[in-house]
Amino acid sequence: MGIKKNLITSVSLLKTVPNAFLFLLIILVLGIILFFQRHIFFYRYEPEYFEGLYFHSQWNYPNSTRGISDGELYKFVGYRLAEGENHFNINYEMPPFGKYLYGLAEKYLGNPYWISIVLYLFSAGFLFLLGKEILKETSLSLLGVLFFLVTPFVSTQIGETMLDLPLMFFYLVHAFFFVKFLLKRQQKYLITSGLFLGLATGTKPGIYTPFVFLLESIIYFKQEKERKVVGFSGYLISVFAGYVLAFFCYFIKHPNPIPWLRLHQKQFSFYMDPLKLSGPRDYLLVWKNIFSNSYQGWWWTKEKNIGGASLILPVGTILLLPVIFLSFKKREISIFYLSCLTCVFLLLDHFVFFPRYLMPTIPFFILITVFFLKKHKQL
């Protein structure tokens, strides 16, 4: 009885912690993160340097000693897209939207990292809003934001120009509006959700999109009792509209959609190359990365620690199945949907995986963890 009384007292004391304290702690943590990556505020993009780097890199000379990383490549390609370059002429294997955002920042602000900062902050904001819809408590939503900010896997991305941070943001916003639809049953939320799913598909190759769409279609037809076909067709159209919008940089120079459709064959051919599909695969790579923070690429001779370890990934993975069972039993459709969505990412990562492909799951793992703690406050 004494232990139980102490636990109840501890929970009561936790409830008295003002939300203002958590908010101030978030501001402090954010200030520290930005301070230690302050070099990004003084960066200036130099078109001539990157043009020389790209045209002498491995992308033009396979045996070149001047290698260029993906992040540097996207800086160059994004700037060229902002200058009017045809997307299907350069780095066409990756959809253009994320690169285009970086390019616009380079062209008009001289610094692509402003996009990374904005996406990082907006992701934290939408995570808070999504947490409010699911957790129903401001303090728990703020706790989720704090977990998000201090996750090195994410916070280090503000010093990068990769496509994973934009992809995470678009999937997070997509999930937020789909949850709003599940809770409010208003068509405008479903349409907006589909729009952001299309933008996510136009940011990185859409390997997740068909399965996310399938999951949400099943949930939609299970939940929506009226206007099923009409509402679903609007959702389908909005997904396609979002994908078309992601190619804005193409259509402002080439408004004819027929060549655009045909040119997708280049992207399909690139990924369907038998050489890229052959060879042994380690289907445990995802779990090794999650639980031991290790990864072995085909270009390495042994597994390596990739840095940026966080408890969010292993804890969220362990809690995933219990939360799916708990939310299904309690008929809490929003967290059940997010848990199933996370499973879609994890299952598909078994077939095409790099450590940063786990980025979209981070906000969902955080909400799963906080939701579980809410249900088991004695922990």
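Select Glu-133 and Lys-180 to begin: both are buried (under 20% relative accessible area with a 1.4 Å probe, protein chains only; exposed is over 50%, and partly exposed lies in between). Their side chains meet in a salt bridge, 3.2 Å from N to O (the term requires a side-chain nitrogen of Lys or Arg within 4 Å of a carboxyl oxygen of Asp or Glu). Glu-133 sits in helix H6 (residues 113–135) and Lys-180 in helix H9 (residues 164–184), so the pair ties together parts that are 47 residues apart in sequence. Helices (H or I, at least four residues) and strands (E, at least two) are DSSP runs, numbered from the N terminus.

The model is predicted: local features need pLDDT of at least 70 and side-chain atom pairs pLDDT 80 or more, while totals for chains, interfaces and linings use all residues. Residues are numbered from 1 along each chain as its sequence is written, and side-chain values use heavy atoms, without hydrogens or water.

**Whole chain**

Of its 379 residues, 50% are buried. The accessible surface is about 18,900 Å², and carbon and sulfur atoms account for 68% of that (Shrake-Rupley method, 1.4 Å probe; for residues, only the protein chains shown count as cover). The structure holds eight salt bridges.

Next, select Asp-164 and Lys-204, a salt bridge with its closest N and O atoms 3.0 Å apart. Asp-164 belongs to helix H9 and Lys-204 to the loop between helix H10 (187–201) and helix H11 (209–223), so this pair ties together parts 40 residues apart in sequence. Asp-164 is buried, with a relative accessible area of 2%, and Lys-204 is buried at 7%.

Select Glu-106, in helix H5 (residues 97–109). Which side chain of opposite charge is nearest to buried Glu-106? Lys-75 is, at 6.4 Å, and Glu-106 has no salt bridge (Lys and Arg count as positive, Asp and Glu as negative; His and the chain ends are not counted). Beyond four places in sequence, Glu-106 is in contact with residues including Tyr-45, Tyr-79 and Asn-111 (contact means heavy atoms within 4.5 Å).

Move to Lys-99, also placed in H5. Lys-99 is buried and has no salt bridge; Glu-93, the nearest side chain of opposite charge, is 6.9 Å away.

**Helix H17 and its end**

Select residues 312–330, helix H17, which bends by about 40° at Leu-320, with Pro-322 following within four residues (the bend is the angle between axes fitted to the seven residues ending at a residue and the seven starting there). Cover for the buried residues of H17 includes helices H7 (138–149), H16 (285–292), H18 (333–348) and H19 (362–375). Ser-327, one of those buried residues, has 1% relative accessibility and is in contact with Glu-332, Ile-335 and Phe-336, leaving aside neighbours within four places.

Just after H17, Arg-331 takes a positive phi of about 60°. Finish at Glu-332, which forms a salt bridge with Lys-375, the closest N and O atoms being 2.9 Å apart. This pair links the loop between H17 and H18 to helix H19, 43 residues apart. Glu-332 is partly exposed at 21% relative accessibility, and Lys-375 is partly exposed at 36%.
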